[in-house]
Amino acid sequence: MSHPAKVILGNSNKRFSGVTSTMLQTMAHQRELCDLRVLGNYNLPDSSIAIGFLEAAKFCKGSASPVIFHARRNDEMIQALALKKLFGANLRILFTSTAQRHHSLLTKWLMSQMDAIISTCSAAASFLQSPPDTIIPHGVDSRTYIPAENKAEAWKSTGFPGSYGIGIFGRVRKQKGIDLFVNACLENLPSLPQVSAVIVGAIDDKELVERCKGKAREANLEERIIFTGELPFEQIPGLFRAMSLVCALSYNEGYGLTVLEALASGTAVLATKSGAWPDILADQKAGSLVDIGDQEAITKKMKLLLTEPRLLETMGVNGRRMVEEKYQIEEEARSLVNFYEKLAGER
């Protein structure tokens with residue numbers, strides 16, 4: 001009988017980020033499938049699995065088979081290499097590359113020292129010098145993000161004005177396409193009096209928000225274009241399922257879980273061709289794709305979708321089905337552990 005793989009997950013960033021969220025969500029399921037530790041006690045729901053650097057060295061030294069170190073950041077690759085080169089740890093190191101940009105010389109060198117490279121989508125894979133060993137897309141928790149039984153009632157329960165809503169989720173900064181979203185709303189909402197637009201997320205760029213609010217006031221739409229600021233996580237799934245349309249308009253993304261969270265919630269999506277979104281929405285049955293930064297296309301497509309409620313409903317149903325078939329967080333966790341076991345068994 002084979003023993004479960006021994007795994008160390010890198011967790012070097014004190015700040016909660018998208019990378020942190022991905023690690024924590026998959027970790028919850030990986031713990032049932034492998035002998036897992038986390039290097040760094042940041043944002044963990046259970047600190048009992050957190051270890052320090054010297055503890056990681058001991059964990060590796062006591063293992064007959066190679067320990068897998070899964071790094072997602074440059075400094076985590078450095079930590080893993082230090083364990084392997086300086087402490088002689090019996091270690092195999094893999095790195096997940098999600099960046100859709102040309103890598104720095106340091107990152108390229110660090111990746112060249114890895115035993116394996118994982119990517120999460122075809123666009124990120126295209127920026128690697130060599131093809132990744134595997135592509136494992138991110139998944140989403142389909143028990144947390146669920147469709148509303150009645151979307152109109154779900155929207156009413158939010159307390160926002162109007163009969164239905166559109167939203168954009170994520171940290172509020174230009175990179176996320178907040179300006180594109182607001183400009184499209186300014187153009188479309190006057191002819192759609194029952195629609196309100198909600199921008200949900202921590203505000204990183206206060207000047208951008210003030211400019212957007214000023215435009216909304218000038219258009220007499222300040223009560224229908226709403227910045228919520230950062231909200232408790234417990235409120236977020238309810239907002240996703242209350243929306244009739246979620247926009248994801250980033251100029252660049254590593255992956256972009258908001259699209260999957262919307263689709264799992266039975267909500268149609270309008271997204272730019274960034275991150276994993278071209279992979280996820282390739283057939284456009286669950287949402288529409290537009291070119292990055294194309295304000296005219298975003299504005300026109302938003303109006304088209306908001307005037308076709310049956311189309312939005314059909315897209316929402318298709319999106320939920322897609323998540324159930326292809327993008328479950330449990331499947332991501334299983335695929336990662338299967339790859340860990342393969343890598344640990346290689347000679």
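Predicted model: local features only at pLDDT ≥ 70, side-chain atom pairs only at ≥ 80, totals over all residues.
Visitor: Which residues of helix H2 are buried?
Guide: Helix H2 covers residues 53-61. Buried here means under 20% relative accessible area. In H2 that applies to Ala56, Ala57, Phe59 and Cys60.

Visitor: Within what arc do the buried residues of H2 fall, seen down the axis?
Guide: An α-helix has 3.6 residues a turn, so residues three or four places apart point the same way. The buried residues of H2 line one face of the helix. This is so because, seen down the axis, they fall within an arc of 160°.

Visitor: Which residues are exposed on the other side of H2?
Guide: Exposed means over 50% relative accessible area. Leu54 counts as exposed because its relative accessibility is 56%. The exposed residues on that side of H2 are Leu54, Lys58 and Lys61.

Visitor: Which strands and which helix do the buried residues of H2 pack against?
Guide: The strands are S1 (6-10), S2 (35-39), S3 (50-51), S4 (67-71) and S5 (91-97). The buried residues of H2 also pack against residues 74-85, which form helix H3.

Visitor: What accessible area does the nonpolar patch with Leu54 have?
Guide: Leu54 lies in helix H2. On the surface, Leu54 forms a nonpolar patch with Leu86 and Phe87. Together the three have an accessible area of about 360 Å².

Visitor: How many residues of S5 are buried?
Guide: In a regular strand the side chains alternate between the two faces of the sheet. Leu91, Ile93, Phe95 and Ser97 point one way from S5, while Arg92, Leu94 and Thr96 point the other way, and all are buried. S5 is therefore largely enclosed by the rest of the structure, the buried count being seven of the seven residues.

Visitor: What is the relative accessible area of Asn43?
Guide: Asn43 sits in the loop between S2 and S3. Although Asn43 is not a glycine, it has a positive phi of about 60°. Asn43 is partly exposed, and its relative accessible area is 33%.

Visitor: Is Asn220 buried or exposed?
Guide: Asn220 is found in the loop between helix H8 (206-218) and strand S10 (225-229). Asn220 is not a glycine, yet its phi is positive, at about 60°. With a relative accessible area of 64%, Asn220 is exposed.

Definitions and conventions: Residues numbered from 1 in each chain as written. Heavy atoms only, no water. Buried < 20%, exposed > 50% of the residue type's maximum accessible area, 1.4 Å probe, protein only. Helix = DSSP H or I, 4+ residues; strand = E, 2+ residues; numbered from the N terminus. Arc of directions from axis to C-beta. Contact = heavy atoms within 4.5 Å. Patch = residues over 30% accessible without salt bridge, like charges linked within 9 Å, V, L, I, M, F, W, Y side chains within 5 Å. Areas by Shrake-Rupley, 256 points an atom, 1.4 Å probe, with all protein chains shown as cover. Salt bridge = Lys/Arg side-chain N within 4 Å of Asp/Glu carboxyl O.
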